[in-house]
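Please look over the sequence and the model shown here before reading on.

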Amino acid sequence: MRFRGSDLVWFIGFMLLWSSAIVVDASIHDYRNERFSRRLNSYFFHGGSEGLYASKIHPSHSNSEDKPLNGKSFIRFESITFRRTKEATKKQNAMQQKTGLIEAIIVEVKDRGRIGGTRENSDVICCNPKLAEQGSCKVGEVIIRQDPNNPDWPKRIQTSFEGQTQEASLIHTVEVNSTGMYYLYFMFCDPELKGTILNGRTVWRNPDGYLPGKMAPLMTFSGFMSLAYLVLGLVWFLRFVQYWKDIIQLHYHVTAVIGLGMCEMAFWYFEYANFNSTGNRPMGITLWAVTFTAVKKTVSRLLLLVVSMGYGVVRPTLGGIATKALLLGFMYFVATEALELVEHLGNINDFSGKAKVFLVLPVALLDACFILWIFSSLSKTLEKLQMRRSMAKLELYRKFTNALAVSVLLSVAWIGYELYFNANDPLSELWRKAWIIPAFWSLLAFVVLVVICILWAPSHNPTRFAYLEETGDDLEEEGVSLTTSGVKVAGDVAIKLERKERKVSSAADHVYGLGEEPEEDKRE
């Protein structure tokens, strides 16, 4: 079979792209009856990829026997076994020491071009007799051109079958002393090993724990966001208690969202902390964190919707619309919960790109429905307030509309940036910045919530946003004392009305002869 000169470059890129798409967000990668795939003249299996920070402790400074790798970055092969077919085993010579070679290749993404042949021999990954005669490699091994600045990398760990044994094992630890995105591949070149099965696991660790490098900043971010929600909750609670007599139904919805946000961030922080210490995602905490995230997203969108409809401002109840809103919220909760469970609890290797699209698409469509409904309701609410000339409420809703419009524009811009980021970083070379993308959405949701808390904060003047009967709504609102000038104007109007009333009354009395006669007339 003849290969084109660009096949090797395409293959290396394909391996890295494919593996980056199925990477599991876990520091312990389990392999259960995994099979090797053929490409060019080699067979390979992607064992995982993660961003690792350089070790904090130099190898010569570690004297601990119990934890010799504490404070270091490493990739550890635990109970890795390769089982070849019985047919391949019977063909071997029982007296031969090495009857089959399998290699574990660890390569930093920037050194991906050092795997495989040169430009002149770019159609091979495994060394052949012709290349071996040139002295550039050994027959039956993967071609690796070492980095002159770091001769030990890319790293090669070899395991051989002996005689007619059906299994070979690998137990080894590789220390990482340079920060980067690392990929692990199990490869062999011998066609007789076709059908070999891989079992076992590898453990990847950063200096501060097992949390993957691109997720490590999210633990700190979740801690800060949890404190931010706590501060917001305390401020809101003090206002709530101070003006408890003037509380309206909307305030209870805001309180619920603040509480959900606080619990959500706290659960994510503890989930990351447990993950960092054990290397496995804690099923219980992760499930709670995922559920709180789905509930909070749903309730937040419902809160925006009911505020936009003017609930408690231009209408006392939602009527039949409440059922439709709850149905949309329930659908959104189910779709979000399914997506979050797959992303954080499921093994990503089990889901293809198309399967993921089927989970992301419903969430995106339901989000679009919420946005359209929210802005449509806002438009109607503003129109009603303008017709009633409720200037205080109208100004309040204009501010809310502007804030919401800015958040939507930021969301669209960020989605564009996210697409640009992923398109220009298919191999996760910018893994240290990847945490910013999910963090932005949490921060934006918090900012929108703060805006709502400021605009609809409990106060001694609930009539500025509370619903009043339509017949007296305008009259009562004219007398609402929002500012000192407002009080003065209201007072002036009252005085003028009183004077005018006296004049009219006096004139009427004189016209109809009902006024009191002068004293001298009485005497006469």
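Predicted model: local features only at pLDDT ≥ 70, side-chain atom pairs only at ≥ 80, totals over all residues.

What follows describes a helix pair, a surface patch, a salt bridge and some details of the backbone.

The axes of helix α5, which covers residues 249–278, and helix α6, which covers residues 283–308, come within 8 Å and cross at roughly 155°. An angle over 145 degrees counts as roughly antiparallel, and α5 and α6 are therefore roughly antiparallel to each other. The crossing of α5 and α6 is left-handed, and the contact of α5 with α6 has, by class, 18 nonpolar, 6 polar and 3 charged residues.

On the surface, F224, L227, L230 and L234 form a nonpolar patch, and together these residues have about 410 Å² of accessible area. One of them, L234, is found in helix α4, which covers residues 216–242.

Side chains of opposite charge can pair when their charged atoms come close. In this model the count comes to 17 salt bridges, among them the one that R114 forms with D147, where the closest N and O atoms are 3.8 Å apart. This pair links distant parts of the chain, since R114 lies in the loop between β5 (101–108) and α3 (129–133), whereas D147 lies in the loop between α3 and β6 (155–160), 33 residues apart.

Most residues other than glycine have a negative phi, and most peptide bonds are trans. Two details of the backbone can be read against that background, and the table gives their angles.

| Backbone detail | Angle |
|---|---|
| Cis peptide bond joining W153 and P154 | omega about -5° |
| Positive phi of L40, not a glycine | phi about 55° |

P154 lies in the loop between α3 and β6, while L40 has its place in the loop between β2 (37–39) and β3 (42–52).

Technical notes:
Residues numbered from 1 in each chain as written. Heavy atoms only, no water. Axes fitted to C-alpha atoms, helices over the stretch in contact; angles between N-to-C directions. Helix = DSSP H or I, 4+ residues; strand = E, 2+ residues; numbered from the N terminus. Parallel < 35°, antiparallel > 145°, perpendicular 65-115°, else oblique. Left-handed = near helix turned anticlockwise from the far one by under 90°. Nonpolar A, V, L, I, M, F, W, Y, C, P; charged D, E, K, R; others polar. Patch = residues over 30% accessible without salt bridge, like charges linked within 9 Å, V, L, I, M, F, W, Y side chains within 5 Å. Areas by Shrake-Rupley, 256 points an atom, 1.4 Å probe, with all protein chains shown as cover. Salt bridge = Lys/Arg side-chain N within 4 Å of Asp/Glu carboxyl O.
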